[in-house]
Amino acid sequence: MREEMGEKSMTLKFKANILKKFVNNEGLFHLKLDRTYFYPDGAGGQLGDRGTINGKRVLGVIKQGDEILHILAEDVKNKEVLCEIDLERRFDVSQQHTGQHILSTVFQKKFNAHTLSFHMSEEYSTIDLDTIYLTKEIAKEVEMKCFEYIIAAKDVKIYFVDKSKVSSMPFRKIPQNLPAKVRVVEITGVDLSLCGGTHVKNTAEVGLIKILKWEKVKGKNTRVYFLCGNRAIKDYQLKNSILYNTSNMLSIGIKDVFEKVKREHEELMATFKMMRRLKRELVSYIVDELYANAIVKDGDRYILRQFKDAEMMRYVAAELVKKYDVVFFLGTTNGKPSLMLGKGDKAKYDVLSYAMNWKERLALRGGGKRNIITLLFEEKGSFESMLGDIKQNIMEVKDV
Ligand SMILES: [Zn+2]
């Protein structure tokens, strides 16, 4: 593969013969060809090529040992096939990969931060640096330096050298277990790397390198998320539109959006907090009212009530158990229906066993702590039938 990806790395259309073909247990066809220019997924941290074989879509390209297998959902009948690599995807991947070389070399030259690993996904790419010291200022400086290299339109050259020459050349990083001939990717005056991946021909083709964010990993490294080229432009378009829509909605300038949203978010949180406090205060009145209107039967007091607000129901259940020796059935159909059944310590009726019987009978989710059991219903019908049983057989009322 490394040899094949040499000066012919821009071969996008070629004929080949199928040497081996098998279907895996997911029904996907795996093809081995006598020659291929498809780059495999994950090699060197980058994404693989996509395209077609005899017009059938290539869903993935994997390297197993020395073999490169092309994965297709449909069978290809002929032995000789025409392969076409998707240039748009190859270019996108090459932009990200070349951008990574530039980014890694700038981090190393300016801040002595070495790249430990590189990973590319469909959405973004990351490098792990051997430092935890990364600030907004450093990130901005790195982006500007990368941009300098991009607009300088430096050539990206690919060639092979003997393994024995490697130690005398100023490579950014030298991996172990090198083959006899190693593939060099040289960005003139910028970076010298050993790499088997796909790259653009000139730094200008990278277009833009944008750092998205970073996070600490393994306690001593930093993972930097970034986008290059078309991905960076698309990201800018998306974020620009989100920001403009938000600023129009709030009728303020873009620069003030963050402060305004932050302030309104804080106010909202304070309102939620106040509402919660008011609910708690209201609970003691509701509980007293429920107790006063409870149905008295066989020495116990029974309460049945439905709530619009599930949080309020939970507060009431907790307060009832604490304050009164009553048997209660509280329900809500706001969202998924649920019932809370409980009793005070001295209430005689074993409402908890009653709840557990229904839980088993209707295969309900739910559980309890101390004297309260909560039952969760998947549909309204079973909720209604249990409620009907409570009304008819326990409360002996027509409707509450
Ligand atoms: Zn590379």
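At 36% relative accessibility, Lys 210 counts as partly exposed. The classes are buried (under 20% relative accessible area), exposed (over 50%) and partly exposed in between, with a 1.4 Å probe and protein chains only. This is a predicted model, in which local features need pLDDT of at least 70 and side-chain atom pairs pLDDT 80 or more, while totals for chains, interfaces and linings use all residues. Residues are numbered from 1 along each chain as its sequence is written, and side-chain values use heavy atoms, without hydrogens and water.

**Salt bridges**

The whole structure holds 28 salt bridges, each a side-chain nitrogen of Lys or Arg within 4 Å of a carboxyl oxygen of Asp or Glu. Lys 210 pairs with Glu 143, and their closest N and O atoms are 2.7 Å apart. This pair spans 67 residues, from Glu 143 in helix α2 (residues 136–151) to Lys 210 in strand β12 (residues 209–217). Helices (H or I, at least four residues) and strands (E, at least two) are DSSP runs, numbered from the N terminus.

Lys 145 and Glu 148 form another bridge, at 2.9 Å from N to O. They sit three residues apart in helix α2, so about one helical turn separates them.

Asp 191 and Arg 172 meet at 2.7 Å, N to O. Asp 191 lies in strand β11 (residues 191–194), and Arg 172 in the loop between β9 (156–162) and β10 (181–187). A further network of bridges with shared partners joins Arg 276, Lys 279, Asp 309 and Glu 311.

| Residue | Relative accessibility | Class |
|---|---|---|
| Glu 143 | 15% | buried |
| Lys 145 | 23% | partly exposed |
| Glu 148 | 43% | partly exposed |
| Asp 191 | 5% | buried |
| Arg 172 | 16% | buried |
| Ser 104 | 0% | buried |

Arg 172 also touches Ser 104, a residue of helix α1 (residues 87–111). Ser 104 contacts Ala 113, Thr 115 and Ile 127 as well, leaving aside residues up to four places away in sequence. Contact means heavy atoms within 4.5 Å.

**The sheet**

Six strands make an open sheet with mixed pairing, in the order β14-β15-β16-β17-β19-β18. Strands pair if DSSP finds at least two bridges between them. β18 and β19 (residues 372–376) run antiparallel, joined by five bridges. In this pair, Lys 369 stands opposite Ile 372 of β19.

Helix α6 (residues 351–361) packs on the sheet and touches β16, β17, β18 and β19.

Methods. Axes are lines fitted to C-alpha atoms, for helices over the stretch in contact, and angles run from 0 to 180 degrees between N-to-C directions.
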